[in-house]
Amino acid sequence: MLTISQELRDRIITHARADHPDEACGVVAGPAGTDRPERFVPMLNAARSPTFYEFDSGDLLRLYREMDDRDEEPVVIYHSHTATEAYPSRTDISYANEPGAHYVLVSTAECGNDEGPVSFRSFRIVEGEVTEEEVRVV
């Protein structure tokens, strides 16, 4: 189960709406070994695409060095789907390389940039196996 604060959930959704029609992406880091998402890190979608996201390699390297210095790990790796449901695509699954992370997907297909309904779902992706998990907002 992913336990996440209302503030972090709202920030992820705000980022997804702001980047629509392109996919948004980012990380929520937390203290290593705690499974506690704490530090919101929105990233630039280097692909600038409505159907694909890619972290900028330089930004990602800086983030991992920063997390290492702070004894953090990526607790949540998130991105949005702008025209489809919030479920990992084959590409998403192939790029999932953090077996301990919660992979959050937000679908802005219904609302776009506007206020309105979004789908916010979390998955574990380990060795190509996708398992949806409950999201508890606190």
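1. How much space lies in the largest cavity? In this predicted model, the largest cavity holds about 50 Å³ of space, and a search of the whole structure for cavities of 30 Å³ or more returns 1.

2. The lining of the largest cavity is made up of Y53, I77, Y78, H79, D92, Y103, V104, L105 and I125. The elements that contribute two or more residues to this lining are β4, spanning residues 72-81, and β5, spanning residues 102-107. Sorted by class, the lining comprises 7 nonpolar residues, together with 1 polar and 1 charged residue.

3. On the cysteines, the structure contains 0 disulfides. C25 takes part in no disulfide, and the nearest cysteine sulfur to it, that of C111, lies 18 Å away; a disulfide would require the two sulfur atoms to be within 2.5 Å. C111 is likewise in no disulfide, its nearest cysteine sulfur being that of C25.

4. Regarding the annotation, the UniProt record, an unreviewed entry, assigns "domain: MPN" to residues 2-126.

Conventions: Residues are numbered from 1 along each chain as its sequence is written. This is a predicted model: local features need pLDDT of at least 70, side-chain atom pairs count only at pLDDT 80 or more; totals for chains, interfaces and linings use all residues. Side-chain values use heavy atoms; hydrogens and water are left out. UniProt positions are given in the numbering used here, feature names are shortened, and annotations may be inferred rather than shown by experiment. On a 1 Å grid over the protein atoms alone, a cavity is a set of points where a 1.4 Å probe fits but cannot get out, and a pocket is an open set with protein on both sides within 12 Å along at least five of seven lines; lining residues have an atom within 4 Å of a point. Grid points are joined across faces, edges and corners, and a volume is the space filled by probe spheres set on the points. Helices (H or I, at least four residues) and strands (E, at least two) are DSSP runs, numbered from the N terminus. Ala, Val, Leu, Ile, Met, Phe, Trp, Tyr, Cys and Pro count as nonpolar, Asp, Glu, Lys and Arg as charged, and the others, Gly among them, as polar.
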